[in-house]
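Please open the structure in your viewer and keep the selection tool at hand.

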Amino acid sequence: MSRKAEEKRREFQSRQMQKLGLDFEFLDAFEARDLSVEECQKAANTWPSPTLREDVACFTSHRMAWKVIVERNERTLILEDDAVLSENFTDAIRSIKARGDSWDRVYDLEFAPRPHILARSPVWTDGIHRATRVFQNRVGTAGYIIGPRAAAKMLEDTKNYALIDAYFWHRAWLKAYQIEPAPVVQMQFLDGSADRSAFVRKSIDRAFTPQSRLRKNLLRLWLEGIKARNLVRGWLGGETRPLQIDRASFVSDAEPAATASA
């Protein structure tokens, strides 16, 4: 997924895909400037934390991508336009493609510099990459693989706005698996920085908050319940640790979404 105006990022992605021999196409991202104040406020009323105009646009863009996946009825790799791919990226894609996974399995290929709660052992390895069940991951939709039935289920679950990173990976029905060493990283983290300021969301205007304090508190309790469920699962069968990444396998030659079939 990529904004049409981001010409440099599109050029970067085109070179990156061609170098790796991947077929791809750009999906024009939803523009934040096209949202009215009323639309932003309506979205904010369904999420407890402050909502930015860009958050709603990102949410809408991923929904647009899921609709395309459902229409084409094929498992697909979704990349945001600042995603940098490792030299071994195609090996990971090939291993995932060869597996007869259930419809509800979704793969997270992205590195994020925050600890995740993962299973203690991977479910499979191809000698280079391994896939491990994720119990808690609150950031990261820059690079993931999802099939048509899971995409359709996500569309059903997201009729109301939600902060996509915090919501996507925590569906009770979804089986999330992390690929390591992570073959996707956002350019801002490529130098090894784990600065928490990188997670501070910037906006072109003010943040919107729920108009009802009661609703805000109920939504917060609901989210904390989901968090607690995942923590229990993690305590029973997982461990908290940072994701593994081979930084030497990334070569960035320019400023960097695209979608590619998986």
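Does Glu25 count as buried, partly exposed or exposed? In this predicted model, Glu25 counts as partly exposed, because its relative accessibility is 34%.

Along the principal axes, the C-alpha atoms fill a box of roughly 50 × 45 × 40 Å, and 51% of the 262 residues count as buried.

**Salt bridges**

Select Arg72 together with Glu25: the two form a salt bridge in which the closest N and O atoms are 2.7 Å apart. This pair links distant parts of the chain, since Arg72 belongs to helix H3 (residues 53–72) and Glu25 to strand S1, 47 residues apart. Arg72 is partly exposed, with a relative accessible area of 43%.

Next, select Arg10 and Asp28, whose side chains meet in a salt bridge at 2.6 Å, N to O. Arg10 lies in helix H1 (residues 7–20) and Asp28 in the loop between strand S1 (25–26) and helix H2 (37–44), so the pair ties together parts that are 18 residues apart in sequence. Arg10 is buried, with a relative accessible area of 17%, whereas Asp28 is partly exposed at 33%.

Move on to helix H4 (residues 89–97), where Arg94 and Asp91 are 3 residues apart and thus separated by about one helical turn; their side chains meet in a salt bridge of 2.9 Å, N to O. Then select Arg3, Glu6, Glu31 and Arg33, which are linked in a network of salt bridges.

**A buried aspartate**

Now select Asp108 in strand S4 (residues 105–108). Asp108 is buried yet has no salt bridge, and the nearest side chain of opposite charge, that of Arg241, is 12 Å away. A polar atom of the Asp108 side chain does, however, lie 3.0 Å from the backbone nitrogen of Glu110. Beyond residues up to four places away in sequence, Asp108 touches several others, including Asn137, Tyr144, Trp169 and Gln178.

**A buried glycine**

For the last stop, select Gly234 in helix H7 (residues 213–237), which counts as buried because its relative accessibility is 4%. Leaving aside neighbours within four places in sequence, Gly234 is in contact with Ile117, Phe135 and Glu239.

How values were computed: Residues numbered from 1 in each chain as written. Predicted model: local features only at pLDDT ≥ 70, side-chain atom pairs only at ≥ 80, totals over all residues. Heavy atoms only, no water. Helix = DSSP H or I, 4+ residues; strand = E, 2+ residues; numbered from the N terminus. Buried < 20%, exposed > 50% of the residue type's maximum accessible area, 1.4 Å probe, protein only. Lys, Arg positive; Asp, Glu negative; His and termini not counted. Salt bridge = Lys/Arg side-chain N within 4 Å of Asp/Glu carboxyl O. Polar contact = N/O pair within 3.5 Å; in protein donor to acceptor, adjacent residues only side chain to side chain. Contact = heavy atoms within 4.5 Å.
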